[in-house]
Amino acid sequence: MAYNKQIWKDEIPDLSRPIKDASGKQKTDPQTGRPLYELIQEGTRITSERLNHLEDGVENGQGQLEVLSEEVDTHVSDVSRHLTAAERVTWNARETQAGAQQKADASLASAKSYADTQLLTKADKNSIYSKMETDQRIEAVVGAAPDALDTLKEIGDALNNDPNFAATVINALALKLNISSYTAADVLAKLLTVDTDDSGLNASTLQSKTLAQIVQGTLSFAVTTGTATAYIAALTPALAALNAGIRLSFKAHVASGDNPTLNANGLGARPIRKPNGLAAKLTLNGVYTVVYDGTDFILQGEGGEYGTAIDSDVVAGKTIGTDNGLVPGTLIDRRATDTIPGEGTAYLGNGQLAIYVPTGAYESEQRVTAVDTDFIPANFRADKETFGMQGSLPVITNGGDPAIGVGQWPDGALAVYPAEGYRKGGPGAGEIKVSPAQLQAAYPSLLASNVKRGVPLAGLVGTMPEYHEQYVFVTVPAGTSVAVDSNSTGLTFSDFRGAYMNRVGSLTADDALTVFSGGWRKVQPTSANLRFADYSFTLSGGKVIHVSLNVINQSATNFNVYVTFFGLV
């Protein structure tokens, strides 16, 4: 528990009697318990500072004792630092070093016994071949035999499974003729007995010739003379006749012209042709072999017709065989380029677009492109797809599409600015709606006051009064006047504007009047013979609604006239 420290103050005690506190209890020295006044009397000086210092020491000691008590309690309750009773039993039951060593020795002895037992089951390496040694022995037997004869079965199959193959071969050889028993001279003699002029053997030409001459073909070879279209060949020995099947070789001394022929040993010129029947093409110093077919000399070793391909049909870097030899191709090879710009476009109608492809060789996956800056989605209807491109131009199908603005053409015609988009046109297919406000913006004078009263126009209803005219036929005798009243026309004017008259048969008014500032004014000179006079009018709301007047004829002739009244009804 905390120490209840006492606070001391300096006092001047009455040394003749005990010193007491406020409660009347005698004060004592905390150290000795003796009354304070006795200590003072004995000459001991105890001040408040010393007493308070003692009180602080007691308080600090009490605090340190409490902290130490808490640490002791924590240490005692910490199970990680102290063994429990159960843990102490488990620890004491653990294997000792001597026991562990004894078990290890027993395991080692058991392992050695098992290993010795297993080794007794294995073969002795000194008396048994390993796999590698066995493979080497087999390889020594097979040696360099080909794959088809590197097994006993393959060798047996090759010998036809004949166990007496050697004897079989010897017996077969015994049936053959010994080459030394039949010479080349014997063979030639036999040929001469069957050779005739048309046999084609020409055995007589081989007589007295060496084997090398026969085999190498020098007996039927010559260098030509003559011209480019008529070759001559002098063979030694000379041919006795041209028989079908005769073969000879020659070297052309000059390149051939068209339709060349060959005359062998003066036996007559015969055409030289390719196997396909076309005339042969011979080059300078070219060596050729021909066979006579009974009609023509046919070139040997020719592949027949070359075809019609020319250099521009063959890819550059490649060659083609022709009558004139190998010719390099000139066709541009474009196969290494993924995309090739086209050389132009054309619209063929019916939705067909032609792209002109540059000359060259192409792969099937290559692309030829055409560029047109107008080929963009905004230029095509949004409900259509053109060559794989979806259009984005709005399609306006509803009626009453509002105009985005209006204006006037120089001639006064109305200009309408529609919203961007596609319209088919016609009723219900994209009409453009112009509002009255837009019309008034284009035509400021389009006002109700400028439209006939009651007439609807562009969303307006006219308020402008209607002008009307009515006339009265009057005969005015000579030298008299006739009264005429506007009410006689049958019209009631809301604003009377004037009157004029015309002689019958004439459209020219002799006199005319019009309302002006509440009165009348003449708009044409007054005729001396026929005129208006003595006119009066009635006002209502500041407007003339009725007029009366006299028509005066001062001439000696009667006049028939029309008096016309006009104004707002």
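Predicted model: local features only at pLDDT ≥ 70, side-chain atom pairs only at ≥ 80, totals over all residues.
Residues are numbered from 1 along each chain as its sequence is written, and side-chain values use heavy atoms, with hydrogens and water left out.

**Aromatic pairs**

Rings of Phe, Tyr and Trp (its six-membered ring) pair if their centres lie within 6.5 Å; planes under 30 degrees apart count as stacked, over 60 as edge-to-face and the rest as tilted. I find six aromatic pairs in the structure. Strands here are DSSP runs (E, at least two residues), numbered from the N terminus.

I also checked accessibility (buried is under 20% relative accessible area, exposed over 50%, partly exposed in between; 1.4 Å probe, protein chains only). Tyrosine 500 has 24% and counts as partly exposed.

**Salt bridges**

I count a salt bridge when a side-chain nitrogen of Lys or Arg is within 4 Å of a carboxyl oxygen of Asp or Glu. The count comes to five.

Aspartate 258 and lysine 281 form one of them, at 3.3 Å from N to O. Aspartate 258 is in the loop between strands S4 and S5, lysine 281 in the loop between strands S6 and S7, 23 residues apart. Aspartate 258 is exposed at 58%, and lysine 281 is partly exposed at 34%.

Aspartate 401 and arginine 423 form another, with the closest N and O atoms 2.2 Å apart. The aspartate is in strand S18 (residues 401–402) and the arginine in strand S21 (residues 422–423), so the bridge ties together parts 22 residues apart in sequence. I find both aspartate 401 and arginine 423 buried.

**The sheet**

Two strands pair if DSSP finds at least two bridges between them. I traced an open sheet of three strands in the order S26-S31-S30, with antiparallel pairing. Strand S26 (481–485) and strand S30 (530–540) are the edges, each pairing on one side only. Nine bridges join S30 to strand S31 (residues 543–553). Serine 540 stands opposite lysine 543 in S31.

Definitions and conventions
Helix = DSSP H or I, 4+ residues; strand = E, 2+ residues; numbered from the N terminus.
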